Amino acid sequence: MADNVGQLINSSKIVNTLKAERIDSSVHTVNRYIELLTNVFLFFRTKQYDLRGKEYLKTNSKYFMVDNGLRRYAVGQRTGNFGNRLENIVFIELLRRGYSVDVGRIQSKEIDFICRRDEVLYIQVTYQIPENSHESDNLLLIPDNFKKIIITGRYSDTKEISGIPIMYIVDWLLQD
C-alpha cells in the first residue's frame with residue numbers, strides 16, 4: 001500500500017498477487033489488515049463519490065499514507081511515482097487545513113480530490129502539466145461553479161488552462 005498511495009486498492013487483486021507468490025490469503029484477511037492500518041492512523045481512506053449520482057460508490061477506495069517519510073522507509077528510495085507522492089502531500093495538507101476529502105468520479109473520469117469545509121473545492125494533482133488536457137478536461141465536466149484548481153509538482157509558466165488556475169505545489173503549500 002505504501003508503494004501505491006493514491007491508487008485505487010482492490011483487495012481481490014492483492015489476494016491474487018499473494019496467491020501467485022504462493023501465500024495463502026483471503027479478501028477478508030486483506031480487508032482486515034487494511035482496516036487495522038487505518039485504525040492505527042498509518043493510512044487514511046478516501047471513498048469515491050459520484051458527482052452525477054450524488055452518492056458514495058461501494059467500489060474500491062484510495063489510501064494515503066500519514067507521512068511521506070514513513071512511505072520512503074517502507075519502500076526505499078525508488079525513482080518515479082512522483083505524481084502519487086505529490087498527491088499524498090496534497091491529501092495530508094488538505095486534512096491539516098480542515099477539509100473532508102473524497103475522490104470524485106464523474107462519468108468514467110476521476111477527480112483527484114473533492115474537498116469540503118465552508119466551501120467545496122475540486123483539485124487535480126499532476127507532477128507536471130501534461131501535453132494533453134485531461135487534467136483540466138476532467139474538472140470541466142463538473143457542472144457546478146465551485147472553485148477548481150490544478151496543483152503541479154513542476155513549476156510552469158502556464159498559469160491557467162481553460163480558466164482553471166495552475167498552482168505550483170510550493171506556492172500552494174505556502175498559502176492559507
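1. The model is predicted: local features need pLDDT of at least 70 and side-chain atom pairs pLDDT 80 or more, while totals for chains, interfaces and linings use all residues. Residues are numbered from 1 along each chain as its sequence is written, and side-chain values use heavy atoms, with hydrogens and water left out.

2. Strand β5 spans residues 61–65, and five of its five residues are buried. Buried means under 20% relative accessible area, exposed over 50%, and partly exposed in between (1.4 Å probe, protein chains only). Strands (E, at least two residues) and helices (H or I, at least four) are DSSP runs, numbered from the N terminus. S61, Y63 and M65 point one way from β5, and K62 and F64 the other way. In a regular strand the side chains alternate between the two faces of the sheet.

3. Strands pair if DSSP finds at least two bridges between them. β1 (residues 8–9) pairs with β5 in the antiparallel sense over two bridges, with L8 the bridge partner of K62. β2 (residues 43–46) also runs antiparallel to β5, joined by four bridges; there R45 partners Y63.

4. A salt bridge is a side-chain nitrogen of Lys or Arg within 4 Å of a carboxyl oxygen of Asp or Glu. The count is seven. One of them joins E87 to K62, with the closest N and O atoms 3.1 Å apart. E87 is in helix α4 (residues 82–96) and K62 in β5, 25 residues apart. Both are buried. K62, E87 and E110 are linked in a network of salt bridges.

5. R116 forms a salt bridge with D102 at 2.8 Å. R116 is partly exposed at 26% relative accessibility, whereas D102 is buried at 7%.
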